[in-house]
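Please look over the sequence and the model before going on to the points below.

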Amino acid sequence: MTRADGNGPGVGARLDALGRVVELAKGRIDDAALEPARTVLERAAGRYALSAEHTLVVLAGATGVGKSSLFNTLVGIGLSPVAVRRPTTSEPLACVWEAEGLEEARPLLDRLGVSRRKQLCRESPLDLAPGRRGAPAPARDPLAGLVLVDLPDHDSLRTDHREIVDHAVQFADLLIWVTDPQKYADADWHDEYLKPLSAHGGVTLILLNQVDKLPAGALPECLGDLRRLVDADGLEGATLLPVSARTGDGIAELRAELAELVAGRRAASDRLGADVDQAAAELAPLIGLVPDADQIADSDRERALAGLRAAAGVSSLADAVAARAAAHALPLVSSPLRALGRLGRKENVTATRTAGPDVPAAVPVDRGGLDQVLGQFANAITQKLPDEWGRSLRTRLTGSRREVAEQLDAALGQCELTAIGGARQGTTGPRVGHVLLLLLALAGAIGAIAGAAGATRNGPALAGAGVGALVVGLLGTLLLDVRARASARGRAIKAGQVAAGSLAVELAAVAQDGLFAVAEAELDRHRRAYEAFRTVYG
């Protein structure tokens, strides 16, 4: 009947799983492709909310094939009008087998679109009246619980008739298609109804009516041809019965088939199971096969990280940051005498041009390189997903370029700022030393001039001491300049190395949040959808 066998999940579990698949696939698979599954879920919810004690069976067929005659034959009462020259079933007519079940069956028939005046009952109150004392109770009809509906012709020229048939075919628990030797090969019937219901063979009966009109010996060939056509429609599991409403041939077999279905109370669940089968068949290529691994391969991670490092220029970052940090730190530890000499003029101009505000203008990430990294990573990951799901993830990954680039730019700027701050550490001591040594040189120069001018009695001694202080101050500031600048360069180089290491850490964090976590979540979502789909598929 359904794809799930007796040892597999029941139709309720399959419907629950189908709901999970639809929810997980939302936004990953086109809504139009998910609509049939949603329709199945809505129909199941509606059917389970209605009578579970009744089996809703519809008689459908083309004009003149004898639906109404079969309806009357099964009911045993002439409820449905029969005409020879033209169809008379202009709206659906329903018969509930037992009188006490009519009220319970009404919501079911209301949903099917059968008007209340066309909702009839096979039994009368007299059938339910108690018999004489000691008389045995009447036997329960084997078809008790059956709700049989005679539909308008599906080939009617009236649009509303076709709409009634289309709705009933989608809602009924069991489909009985009535045809005859003249119309069983009608292409419209096969193409518009049987082929679209190819998953519903287990809940479909096909009656070849009016077999009494066939020439002697022609029935086997006619049945074989009909069987071939039905099988070609995908309904290999459909039951095919030859009947004649006029002579009663095959009616007993038809009653027995219906009685078995009604007694088992399984037609509704079997129909829903067939609906789930059809939805599963349509979803299968969209859900795809589960990948060999539902996590990102280490090689894909390393390739993406290497690409991000290249786009961010990590390999040259240490030297660039060291040079920039040195450009900020060297003027702070250099002797003021450099500004007076030709030796420092060119460097001073360079430093003036290079050393900007405290917040440096970092070199931005290579956008073209970043696009290439994101595209290659998306291609590698989406190979593990079905096409539509993969396109959704690819769009999310490649669409994150601006956000990832901004995060990397911020990381670059922060690493450079931190490096410059580190390189500036230790510049206070040399600056104070230069000031003190230059003050000493200034004092020595003043003393030397005063001593040479004879301003005091100890002029020669003062002049000698002044010259010594001047020489010590000048040589001291020059020696301090050399040592402080060398130390500053060393700190700048170390700061550049630290900046490169920090950027590598920040880059890995950006890759994890912006790429790997997104891809892992999507792979896990697909894995959960696939596991739920396995239950749907039964």
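Does Asp231 count as buried, partly exposed or exposed? At 27% relative accessibility, Asp231 counts as partly exposed; here buried means under 20% relative accessible area, exposed over 50%, and partly exposed in between, with a 1.4 Å probe and protein chains only. This is a predicted model, in which local features need pLDDT of at least 70 and side-chain atom pairs count only at pLDDT 80 or more, while totals for chains, interfaces and linings use all residues. Residues are numbered from 1 along each chain as its sequence is written, and side-chain values use heavy atoms, with hydrogens and water left out.

**Salt bridges**

- The structure holds 24 salt bridges, a salt bridge being a side-chain nitrogen of Lys or Arg within 4 Å of a carboxyl oxygen of Asp or Glu.
- Asp231 forms one of them with Arg227, at 3.2 Å from N to O.
- Arg227 and Asp231 are four residues apart in helix α8 (residues 219–232), so about one helical turn separates them. Helices (H or I, at least four residues) and strands (E, at least two) are DSSP runs, numbered from the N terminus.
- Arg227 is partly exposed, with a relative accessible area of 24%.
- Another salt bridge joins the side chains of Arg534 and Glu531, at 3.7 Å from N to O.
- Because Arg534 and Glu531 are three residues apart in helix α18 (residues 459–537), they are separated by about one helical turn. Glu531 is partly exposed, at 35% relative accessibility.
- Arg117 and Glu91 also form a salt bridge, and their closest N and O atoms are 2.5 Å apart.
- This pair links distant parts of the chain, 26 residues apart: Arg117 is in the loop between α4 (102–112) and β3 (119–121), and Glu91 is in the loop between α3 (67–75) and β2 (93–96).
- Arg117 is exposed, with a relative accessible area of 59%, whereas Glu91 is partly exposed at 24% relative accessibility.

**Glu522 and its partners**

- A network of salt bridges links Glu522 with Arg28 and Arg396.
- Glu522 lies in helix α18 and is buried, with a relative accessible area of 1%.
- The side chains of Glu522 and Trp389 are joined by a polar contact of 2.9 Å. A polar contact is a pair of N or O atoms within 3.5 Å; within protein, one must be able to donate a hydrogen and the other to accept it, and residues adjacent in sequence count only if both atoms are side-chain atoms.

**Ser269**

- Ser269 is placed in helix α10 (residues 267–287) and is buried, with a relative accessible area of 17%.
- The side chain of Ser269 reaches the backbone oxygen of Arg266 at 3.0 Å.

**Transmembrane annotation and Gly451**

- An unreviewed UniProt entry places the feature "transmembrane region" at residues 435–455 and 461–482. UniProt positions are given in the numbering used here, feature names are shortened, and annotations may be inferred rather than shown by experiment.
- In the model, residues 461–482 are 100% helix and 0% strand, and the end C-alpha atoms of this span lie 32 Å apart.
- Gly451 is found in helix α17 (residues 428–452) and is buried, at 7% relative accessibility.
- Gly451 and Gly466 are 15 residues apart along the chain, and 8.0 Å separates their C-alpha atoms.

**Loop residues**

- Gln210 has a positive phi of about 60 degrees although it is not a glycine.
- Most residues other than glycine have a negative phi.
- Gln210 lies in the loop between β6 (204–208) and α8, and it is buried at 16% relative accessibility.
- Pro386 lies in the loop between α14 (367–382) and α15 (387–398) and is buried, with a relative accessible area of 9%.
- The C-alpha atoms of Pro386 and Ile29 are 9.7 Å apart in space, while the two residues are 357 residues apart in sequence.
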